[in-house]
Amino acid sequence: LLALAGLVTAALLVGTSATATAAGTDSGYVATGSTYTSVSAAWAVPATTCTATSDLSIWVGLDGFDDPTVEQTGVDIECTGRTLSIAGFYELFPAAPVFYGNVVRPGDSISATVAVTGTTYAFTLTDTTQGWSKVTRKSARAADSSAEIIVECGGTCPVFHQVAVNHATVNGQPLANARPTALNGTPGTTSPIAGGGSFTVTQSVPVS
């Protein structure tokens with residue numbers, strides 16, 4: 001699987017090469033301008049069509065904007081040719097992601113949280129459909145000047161049509177309260193926030 005990525009200075013660090021590229025790689029929301037101690041969201045794993053080698057990840061994270069690190073957890077959807085594989089993960093970028101061996105399938109209901117106390121990060125990822133939950137705690141240098149809820153393509157996007165994000169919070173409050181910035185990158189168009197913590201990323205033109 002491709003190494004997942006963290007936002008840095010309005011750009012993206014992709015894979016292990018840590019090469020800064022255009023900010024248009026990501027869709028979703030990023031909150032800046034304060035100190036952030038938690039971010040969370042829920043979504044259904046989208047039905048995905050594999051027509052070529054491609055990668056899609058959906059994650060929540062702290063840090064990454066104006067900082068070369070990001071602490072994140074979520075789900076990675078990878079197409080190797082026409083073969084689909086899905087896995088949950090956590091990552092302390094620029095270190096490599098750590099993938100969980102638990103089953104994840106299209107349509108599964110996922111919830112994800114990253115929270116920090118001091119320099120200890122707690123990564124919580126739950127698949128309520130499959131009935132599993134992972135909580136991982138790791139130490140890292142804390143910056144936490146941003147919080148992200150991101151849909152990201154690792155170069156080429158598979159065909160996924162739409163990701164619907166719900167129950168999105170930052171610092172325990174609805175996402176909208178953080179006045180985040182919408183990103184409309186390669187994955188698709190990010191909708192306005194509804195109900196304080198819900199939005200969609202819609203793939204306007206499938207690119208694989």
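1. Let's start with the lining of the largest cavity. Tyr-29, Val-30, Ala-31, Val-39, Ala-147, Glu-148, Ile-149, Val-170, Leu-175 and Pro-180 line it. (A cavity is a set of points, on a 1 Å grid over the protein atoms alone, where a 1.4 Å probe fits but cannot get out, and lining residues have an atom within 4 Å of a point.) The lining splits into nine nonpolar residues, no polar ones and one charged; here Ala, Val, Leu, Ile, Met, Phe, Trp, Tyr, Cys and Pro count as nonpolar, Asp, Glu, Lys and Arg as charged, and the others, Gly among them, as polar. Strands β4 (26-32) and β13 (146-153) each give at least two residues to this lining.

2. A word on what you are looking at. This is a predicted model, in which local features need pLDDT of at least 70 and side-chain atom pairs count only at pLDDT 80 or more, while totals for chains, interfaces and linings use all residues. Residues are numbered from 1 along each chain as its sequence is written, and side-chain values use heavy atoms, with hydrogens and water left out.

3. How big is the largest cavity? Its volume is about 30 Å³, where a volume is the space filled by probe spheres set on the grid points, which are joined across faces, edges and corners. The count of cavities of 30 Å³ or more comes to one.

4. Now the chain as a whole. Of the 208 residues, 50% are buried (buried means under 20% relative accessible area, exposed over 50%, partly exposed in between, with a 1.4 Å probe and protein chains only). The chain exposes about 8,300 Å², and carbon and sulfur atoms supply 54% of that; accessible areas come from the Shrake-Rupley method with a 1.4 Å probe, and for residues only the protein chains shown count as cover.

5. Contacts are worth a look too. Taking contacts between residues at least 6 apart in sequence, 65% join residues at least 24 apart. Contact here means heavy atoms within 4.5 Å.

6. How many disulfides are there? The structure holds two, a disulfide being a pair of cysteine sulfur atoms within 2.5 Å. With the bonded cysteines numbered in sequence order, the pairing reads 1-2, 3-4.

7. Cys-153 counts as buried because its relative accessibility is 2%, and Cys-157 counts as buried at 0%.

8. Next, Ser-38, in strand β5. Is Ser-38 buried or exposed? Ser-38 has a relative accessible area of 17%, so it is buried. Leaving out residues up to four places away in sequence, Ser-38 touches Leu-62, Val-114, Ala-115, Thr-169, Val-170, Asn-171 and Gly-172.

9. Asp-127 belongs to strand β11 (residues 120-127). Asp-127 counts as buried because its relative accessibility is 0%. Apart from neighbours within four places in sequence, Asp-127 is in contact with Val-103, Val-104, Asp-108, Ser-109, Ile-110 and Trp-132. The C-alpha atoms of Asp-127 and Gly-88 are separated by 9.0 Å, with the two residues 39 apart along the chain.

10. Some backbone details to check by eye. Phe-93 and Pro-94 are joined by a cis peptide bond, with omega about 20°. Pro-94 lies in the loop between β8 (83-93) and β9 (98-99).

11. His-161 is not a glycine, yet has a positive phi of about 70°. His-161 is in the loop between β13 and β14 (162-170), and counts as partly exposed at 48% relative accessibility. Asn-171, also a residue other than glycine, has a positive phi near 55°. Asn-171 is in the loop between β14 and β15 (173-174), and at 31% relative accessibility Asn-171 counts as partly exposed.

Methods: 1 Å grid on protein atoms, 1.4 Å probe; cavity = no way out; pocket = protein on both sides within 12 Å on 5 of 7 lines; lining within 4 Å. Helix = DSSP H or I, 4+ residues; strand = E, 2+ residues; numbered from the N terminus.
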